[in-house]
Amino acid sequence: MEEKTLKFLITASGFELERIRTALTDNGIPNDSRPQKRNFSAKAVTGVDNSVQDIYVAADDYDKAYDLCVGIGAIKLEGEEEIISDGADGAEAFADDEYEEMPDGKRKAVRIISVILFILIVAAVIFGTD
């Protein structure tokens, strides 16, 4: 693509970046992505590039690319609300007003019991393998 015909579409990273670029490519829209700034990524270790990148498309294909991104949910339109589903197991959505902070004493007790149980499990595994 020529430099002067590129138009900014969206900023994304990680899986979302790959999902958008794949959708654009599958629909025949040439695209290019450039890192926003020098970001360190664990790509060498994990195989996934987590850097934040800007996605550019040709100016002629911008409207088609924008509509595609709206269609796959990468771009939210103004006034569009995110739908919270119950999920496959039927669990109810967690409301913020139902959240209650755990008292400090109870939190410490849970942490101590968790550490003791972890040590017992590790000990059982070690003694079980001997």
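Buried means under 20% relative accessible area, exposed over 50%, and partly exposed in between. The model discussed here is predicted.

Q: Is I126 buried, exposed or partly exposed?
A: I126 is found in helix α4, which covers residues 104-129. Its relative accessibility is 45%.

Q: Which residues form a nonpolar patch on the surface, and with what accessible area together?
A: I126 belongs to this patch. The members are V115, F118, I119, V122, I126 and F127. Together their accessible area is about 620 Å².

Q: Which residues of the largest nonpolar core touch the most other members?
A: This core holds 16 residues. At least two of its residues come from each of β1 (6-13), α1 (14-26), β3 (52-58) and α3 (62-72). The members that touch the most others are L9, I10, I20, L24 and V57.

Q: Which residues does L24 touch, not counting those up to four places away in sequence?
A: L24 is one of the buried residues of α1, along with G14, L17, I20 and A23. The buried residues of this helix pack against β1, β2 (31-35), β3 and α3. With residues up to four places away in sequence left out, L24 touches L9, I29, N31, I55, V57, A65 and L68.

Q: How far apart are the end C-alpha atoms of α1?
A: Helix α1 has 13 residues. At 1.5 Å a residue, the helix should therefore span 18 Å. The model agrees with this expectation, as the end C-alpha atoms are 18 Å apart.

Methods. Residues are numbered from 1 along each chain as its sequence is written. This is a predicted model: local features need pLDDT of at least 70, side-chain atom pairs count only at pLDDT 80 or more; totals for chains, interfaces and linings use all residues. Side-chain values use heavy atoms; hydrogens and water are left out. A nonpolar core is a set of buried Ala, Val, Leu, Ile, Met, Phe, Trp, Tyr and Cys residues joined through side-chain atoms within 4.5 Å. Buried means under 20% relative accessible area, exposed over 50%, partly exposed in between (1.4 Å probe, protein chains only). Helices (H or I, at least four residues) and strands (E, at least two) are DSSP runs, numbered from the N terminus. Contact means heavy atoms within 4.5 Å. The expected span of a helix is 1.5 Å times one less than its number of residues. Patches are made of residues with over 30% relative accessible area and no salt bridge: like charges are joined within 9 Å, nonpolar side chains (Val, Leu, Ile, Met, Phe, Trp, Tyr) within 5 Å. Accessible areas come from the Shrake-Rupley method with a 1.4 Å probe; for residues, only the protein chains shown count as cover. A salt bridge is a side-chain nitrogen of Lys or Arg within 4 Å of a carboxyl oxygen of Asp or Glu.
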